There are 2 protein chains.
Amino acid sequence: MNTYLKHDEWRIIEDNFIPENTRASESIFSIGNGAMGQRANFEEKYSGNSLQGSYIGGVYYPDKTRVGWWKNGYPEYFAKVINSTNWIGISVKVNGEELDLATAKVLNFCRILNMKEGYLERSFTCELPNGIKLEVKSTRFLSMVDTEIGAIRYSIKPVNSNASIQISSYLDADVHNEDSNYGEKFWDVIDVRGGEIFSYIISQTKKLDFQVGHAMRNLLFINGQPQNLKPQVNSGQMYVDNRFTVNASSGDEVILYKYAAVISNLNHEKGKFTKVLETLIEGASEKGFDKLFDEHRKAWADIWNHSDITIEGDVAAQQGIRFNIFQLSQTYTGRDERLNIGPKGFTGEKYGGSTYWDTEAYCLPFYMVTHGQKVARQLLLYRYKQLGKAIENAHKLGYTDGAALYPMVTMNGEECHNEWEITFEEIHRNGAIAFAIYNYVRYTGDKDYLVDFGLEVLIAIARFWSQRVNFSTEKGKYVMLGVTGPNEYENNVNNNWYTSTIACWCMEYAEEVSSYVKSTNNAKYQELCSRIGFDEVNEIARWKEIRSNIFLPEDKKLGIFLQQEGYLDKEQILVKNLDPKERPINQKWSWDRILRSCFIKQADVLQGLYFLEDRFDTETIKRNYEFYENRTVHESSLSPCVHSVLASRIGNVEKAYELYLRTARLDLDDYNNEVKEGLHITSMAGTWISIVEGFGGMRVRSNMLTFNPLIPQNWKSFSFKVWFRGNVLKIRVTNSELSLFNEVGSNITVKIYGKDQLIPEGGAITIAVQKQVY
Amino acid sequence: MNTYLKHDEWRIIEDNFIPENTRASESIFSIGNGAMGQRANFEEKYSGNSLQGSYIGGVYYPDKTRVGWWKNGYPEYFAKVINSTNWIGISVKVNGEELDLATAKVLNFCRILNMKEGYLERSFTCELPNGIKLEVKSTRFLSMVDTEIGAIRYSIKPVNSNASIQISSYLDADVHNEDSNYGEKFWDVIDVRGGEIFSYIISQTKKLDFQVGHAMRNLLFINGQPQNLKPQVNSGQMYVDNRFTVNASSGDEVILYKYAAVISNLNHEKGKFTKVLETLIEGASEKGFDKLFDEHRKAWADIWNHSDITIEGDVAAQQGIRFNIFQLSQTYTGRDERLNIGPKGFTGEKYGGSTYWDTEAYCLPFYMVTHGQKVARQLLLYRYKQLGKAIENAHKLGYTDGAALYPMVTMNGEECHNEWEITFEEIHRNGAIAFAIYNYVRYTGDKDYLVDFGLEVLIAIARFWSQRVNFSTEKGKYVMLGVTGPNEYENNVNNNWYTSTIACWCMEYAEEVSSYVKSTNNAKYQELCSRIGFDEVNEIARWKEIRSNIFLPEDKKLGIFLQQEGYLDKEQILVKNLDPKERPINQKWSWDRILRSCFIKQADVLQGLYFLEDRFDTETIKRNYEFYENRTVHESSLSPCVHSVLASRIGNVEKAYELYLRTARLDLDDYNNEVKEGLHITSMAGTWISIVEGFGGMRVRSNMLTFNPLIPQNWKSFSFKVWFRGNVLKIRVTNSELSLFNEVGSNITVKIYGKDQLIPEGGAITIAVQKQVY
């Protein structure tokens with residue numbers, strides 16, 4: 001826990017320079033635009049502790065796997081988000097002394113992440129070892145409009161003396177990843193050119209031959225006046241700079257505008273990079289900093305217009321939720337279906353891979369509701385396009401006939417993770433991928449997606465499940481042996497209730513969609529059947545047979561589903577009776593002790609109740625919730641949100657709020673002293689869910705939005721936006737009443753506390769807060 | 001499978017030079033003397049594929065652990081057997097051309113491992129690229145008497161021309177391990193000195209500061225005549241050589257005698273190495289090659305006198321079993337209780353660590369019966385001395401009050417292995433360590449061991465088990481969750497029958513021994529109780545409570561014990577119905593598929609029936625054997641032997657023989673194409689067990705040897721030796737009769753086929769082969 005940031009509704013503010021916080025702030029103040037992103041590294045030299053990080057969506061490196069004991073089926077390499085060319089670098093020398101906040105005396109310092117307008121700002125006054133005092137201000141953004149463009153305005157003012165100032169703005173491709181498994185570097189430079197108005201570096205990954213190009217143009221102003229000063233140009237094998245030297249009088253403001261273009265071969269043909277970069281740089285500098293910045297800010301205004309959440313009466317909570325929405329929105333924009341939402345986004349190296357089941361289980365609802373149907377659809381298409389690899393992956397593990405197992409962690413569809421109990425056994429991820437299709441169609445009504453893409457994925461997943469079970473003659477039931485559920489504090493268990501339940505649901509939904517597509521679009525259906533060899537009659541019959549004879553462990557006495565067979569053989573201790581000194585158990589206990597204990601890392605049975613809520617009555621949800629939440633240590637950042645939603649679901653708003661708080665400011669307040677590694681991007685979506693589906697009680701049933709709001713006691717009000725099909729609604733909840741504004745779209749009928757309510761085009765309704773009716 | 005070696009009763013013979021076999025032969029022809037050992041590398045340069053290996057018992061390196069995903073409780077490093085200074089090197093240049101079998105034309109080649117006398121011999125004729133033909137012969141041994149001495153006789157004869165021959169005999173400390181986790185080198189040289197009659201290198205490991213010293217003296221003879229030739233001396237930072245240059249006429253035999261001394265700080269004070277080495281080298285060269293060799297051969301004659309097994313009518317089998325006895329005998333001699341039997345002995349790098357439960361389960365019976373009580377006792381003392389570390393290890397995992405968990409893999413008592421399902425869960429090893437004490441006392445009658453050492457270990461182990469179980473209110477029984485049994489094709493299972501059974505046995509035996517020590521040696525007992533805080537009444541009561549309420553899974557209908565709870569939920573397929581193309585499954589199947597299958601790697605329930613045979617009737621053994629053997633793929637070299645013994649136990653000699661064959665020549669015929677990595681030393685003991693306990697049906701019951709022999713159909717006879725307390729017996733079994741010779745010791749009564757038989761001092765008896773009576 002580290003609470004050094006100021007509370008503010010729209011900004012993240014660090015108003016003091018504490019070197020120990022540098023890495024944390026580099027993560028928290030990260031900026032991105034969906035196509036690229038970077039940690040909030042200083043432009044000027046910083047010789048203190050720092051993690052340089054500049055990332056380009058979709059550009060990765062297959063780092064050779066590091067593993068202790070090889071297991072058959074492990075991937076040979078691990079696709080890793082890679083740090084690429086540092087293009088923000090601006091080295092400053094004043095009377096020959098280099099500006100470096102690690103060696104200068106910092107007199108004041110302020111760093112601001114302006115979330116409303118999407119930029120990073122920094123200002124400080126410092127005294128260099130040679131006695132020169134400087135005021136420095138920088139503003140930096142990655143354009144949300146021209147997504148290959150970044151720009152920096154960097155100003156330096158000597159305040160106690162005239163000074164000779166040398167500003168060296170550079171591109172540096174000699175970068176590395178701290179988490180390289182064998183300390184290897186990932187990049188070769190294939191072209192460097194330095195020029196006075198256009199400099200660039202083209203580099204290529206040592207494996208897979210990804211190419212990226214970085215270019216820059218630098219313009220110098222003094223006291224607002226452009227200087228027609230030509231820079232000195234220096235270049236090395238992996239480096240190029242533009243160097244300006246000016247004599248500034250005390251009080252003169254020397255300003256550098258740096259325009260950068262960042263491209264990759266995902267979007268441009270190799271061999272044509274130079275031309276593309278030149279065009280981009282010319283375009284950007286002609287448009288100029290202010291215009292680029294205006295357009296960028298307008299784009300952010302649009303985003304907020306669909307996605308904002310307000311919380312009155314709690315600035316910390318307001319800041320927390322906006323920070324989450326901001327980070328999610330700059331990590332993924334849905335423009336490119338080859339990209340996805342990495343667990344650390346563009347804010348750090350850790351984990352590698354870009355796609356986990358987090359995307360389907362947590363992120364999809366956020367993007368679907370706040371960024372619209374098209375963005376959500378891109379997330380589904382990402383998996384659709386990787387279906388071939390998922391089938392290959394399953395084949396490698398021994399499955400046949402087009403069964404698909406989506407990878408636990410992936411970049412391009414291939415499995416990147418190598419931990420048998422996860423890679424091979426945490427197969428419930430397949431269920432989340434199918435459920436996302438259902439969830440998307442339920443929300444958007446876009447049934448065409450099922451016809452064109454969804455069914456093919458659903459069949460492949462159902463095929464996997466039908467092969468993954470076996471019939472136990474002992475039990476006279478189908479069993480699913482050797483799985484790891486969402487609760488990774490159990491490995492290799494038999495008959496995990498959630499996994500078996502979602503597996504059966506997948507087979508049921510695949511059958512339903514198959515019948516829908518057959519009846520509505522038989523030509524496409526027949527084409528699909530023949531293309532993938534779908535033996536409709538027999539395969540569906542087998543799915544049915546399995547579904548109706550699956551072994552689902554439960555305890556009738558307690559009235560709960562059992563996390564897995566044998567769960568009650570464990571010593572049953574409640575979390576509240578666990579010595580606080582023993583927590584978090586993932587740091588205090590050996591792994592086997594964790595495994596043997598009854599303690600739960602994150603929702604498992606409850607994940608199933610969350611996804612398939614409509615199938616269970618409130619009492620069942622309540623019994624299971626109370627049994628399992630009491631045993632859950634929430635040692636995954638993805639844990640509290642599902643519990644919070646369910647606590648709201650059963651009307652326990654105090655508990656829902658307590659759980660909500662556990663992730664709302666997870667990164668801002670650095671709960672686990674790990675934010676320096678990067679932000680928990682995907683769990684931010686969970687926090688959003690806690691508000692919208694939890695406190696807001698928002699659901700979609702029978703093509704209709706429904707709400708069952710509750711409000712935490714210490715909030716005056718909260719509001720959120722919902723982009724539902726043709727409408728954008730704003731829901732505002734106070735202690736006494738609930739208002740719905742139909743901001744965009746025609747008349748719409750929604751269900752509130754169980755009753756239909758019409759909200760006219762452009763109109764609003766207000767009703768009293770009531771008891772939930774689910 | 002690769003059967004390039006000649007069959008011979010006493011020798012291993014390779015009579016052809018096939019470069020592809022070099023690494024395999026380097027393993028197979030390894031020599032050692034318990035204190036050190038080495039692969040059968042060529043003395044002269046060999047630029048072909050080779051694994052240089054020279055190892056010193058007890059000298060290891062803590063190589064930084066390589067792990068994919070860290071789990072709490074993992075060790076930071078992995079103690080590794082290390083390749084140390086190459087002292088056999090003899091570089092030969094003829095008319096300036098270096099002798100190298102990779103570039104010379106090999107006209108004939110023969111390599112022999114003389115097992116009877118314990119030496120390695122090699123002779124070949126080759127033509128160098130410059131046309132010179134050479135006859136070369138070398139003889140090498142590591143003295144079994146002066147265990148710090150090795151000697152080489154290396155002879156070169158030019159046969160088609162006069163030639164200038166340069167012989168450069170060297171020590172080279174610049175060596176590495178192929179299996180270094182991060183490619184690091186392990187040695188620093190701290191002293192090198194070259195001299196005409198004494199050269200040495202002292203080197204030190206980069207971590208832990210092990211010091212080893214290697215010295216040499218070289219003497220040159222021509223045609224049997226000593227040459228008073230002083231060598232030229234060259235040295236480098238990690239290298240020193242003695243170089244002789246002679247002009248030889250065609251037909252002259254130039255012979256180099258090389259004496260080497262190899263010491264370490266396990267046995268000598270650092271700082272005194274030079275003096276020690278000098279004394280050793282002087283002693284060895286004064287004694288001379290022939291005398292050293294004679295003494296060495298006599299020591300081997302002694303070994304064979306206690307340990308030989310003969311098989312008539314099957315040369316391949318005869319060679320196989322002698323090879324196993326030979327390798328075991330040169331790997332461990334019991335002179336130093338700090339050493340143990342590594343899975344690859346001194347024959348390769350793989351695995352690291354030196355001690356697995358193999359020692360107690362498989363090796364102890366071999367050494368106890370063939371090398372005598374003292375040697376066996378050293379193996380127990382090794383664990384006794386590591387008890388403190390075993391308690392620390394358990395403490396690290398959360399156990400308290402002096403509970404001990406012995407490591408899965410160790411060098412000095414600390415855990416070296418990092419694979420959670422093994423390291424933390426394959427805890428049955430603790431049972432094998434307790435069982436070895438029982439087995440030793442049963443065989444030797446040395447109950448003093450219990451008083452002085454055994455009880456302390458047994459209590460610590462019993463304490464572990466009593467904490468490892470928990471009471472399941474669901475079952476009303478104690479359960480043991482999250483274990484991996486000997487069958488490593490199941491991980492993290494609940495209530496593994498073997499583990500729970502051996503755990504209860506440990507608690508029972510600890511109670512029994514506790515009561516024995518209390519009643520026979522109360523003073524020592526009280527001292528122990530007070531030293532280790534043993535709360536006799538309560539602790540024993542808890543052990544009893546657990547033992548009498550433990551959950552042991554079984555299937556009453558089938559009349560079998562269940563490998564683990566839920567085993568019958570698996571799809572039940574027999575190995576005979578498995579497509580041969582799918583085998584071995586550990587190469588053909590993904591790990592999760594292996595785990596989910598019913599297939600068994602090595603004896604699990606059957607390991608318990610083997611250890612605790614006396615507690616089960618023959619029908620129970622038979623039912624379980626038939627159920628499990630049919631599901632066992634024997635993909636551990638430790639698997640077939642236990643099954644072979646049990647097959648003999650139930651009278652199925654055909655099956656026992658079939659299983660025996662699977663390991664008898666495992667390395668000689670390179671079944672799994674892996675002998676190049678080193679030999680399967682510990683499983684060799686299993687082969688010995690198959691004969692002695694299996695075909696011989698030897699047991700000890702109530703302080704008496706018992707036999708129930710069977711003989712495989714295609715053997716004319718077999719015989720083995722048994723060193724039992726004061727006697728050495730030789731048992732010879734033919735198709736019709738069984739003879740017992742009382743070779744050493746006074747009159748002895750043994751039980752044969754259920755009947756007592758007296759064999760007088762120096763006498764023998766012969767009786768007809770009959771039906772077994774267990």
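These questions and answers go through a predicted model, its two chains and a few of its residues.

Residues count from 1 along each chain as its sequence is written, with chains lettered from A and ligands numbered from 1 in the order in which they are written. In this predicted model local features need pLDDT of at least 70 and side-chain atom pairs count only at pLDDT 80 or more, while totals for chains, interfaces and linings use all residues; side-chain values use heavy atoms, leaving out hydrogens and water.

Trainee: What relation holds between chain A and chain B?
Mentor: Two copies of a chain are related by a rotation about an axis and a shift along it. Superposed by least squares on the C-alpha atoms of residues with pLDDT of at least 70 in both, chain A is laid on chain B with an RMSD of 0.1 Å by a turn of 180° and a shift of 0.0 Å along the axis. The relation is therefore that of a two-fold axis.

Trainee: In chain A, which residue has the C-alpha nearest the axis?
Mentor: The C-alpha in question lies 2.4 Å from the axis. It belongs to A:Val67.

Trainee: Are H5(A) and H9(A) roughly parallel or roughly antiparallel?
Mentor: Helices are DSSP runs of H or I, at least four residues, numbered from the N terminus. The axes of H5 (residues 358-370) and H9 (residues 429-444) of chain A come within 10 Å and cross at roughly 20°; axes are lines fitted to C-alpha atoms over the stretch in contact, with angles from 0 to 180 degrees between N-to-C directions. Angles under 35 degrees count as roughly parallel, over 145 as roughly antiparallel, 65 to 115 as roughly perpendicular and the rest as oblique. So H5(A) and H9(A) are roughly parallel.

Trainee: Is B:Asn305 buried, partly exposed or exposed?
Mentor: B:Asn305 lies in helix H3 (residues 289-307) of chain B. Buried means under 20% relative accessible area, exposed over 50%, and partly exposed in between (1.4 Å probe, protein chains only). B:Asn305 has a relative accessible area of 45%, so the residue is partly exposed.

Trainee: Which residues does B:Asn305 touch, not counting those up to four places away in sequence?
Mentor: Contact means heavy atoms within 4.5 Å. By that rule B:Asn305 touches B:Lys721 and B:Val728.

Trainee: What is the C-alpha to C-alpha separation of B:Lys93 and B:Leu128?
Mentor: B:Lys93 is in strand S7 (residues 90-94) of chain B, a strand being a DSSP run of E of at least two residues. B:Lys93 and B:Leu128 are 35 residues apart in sequence. In space, their C-alpha separation is 9.9 Å.
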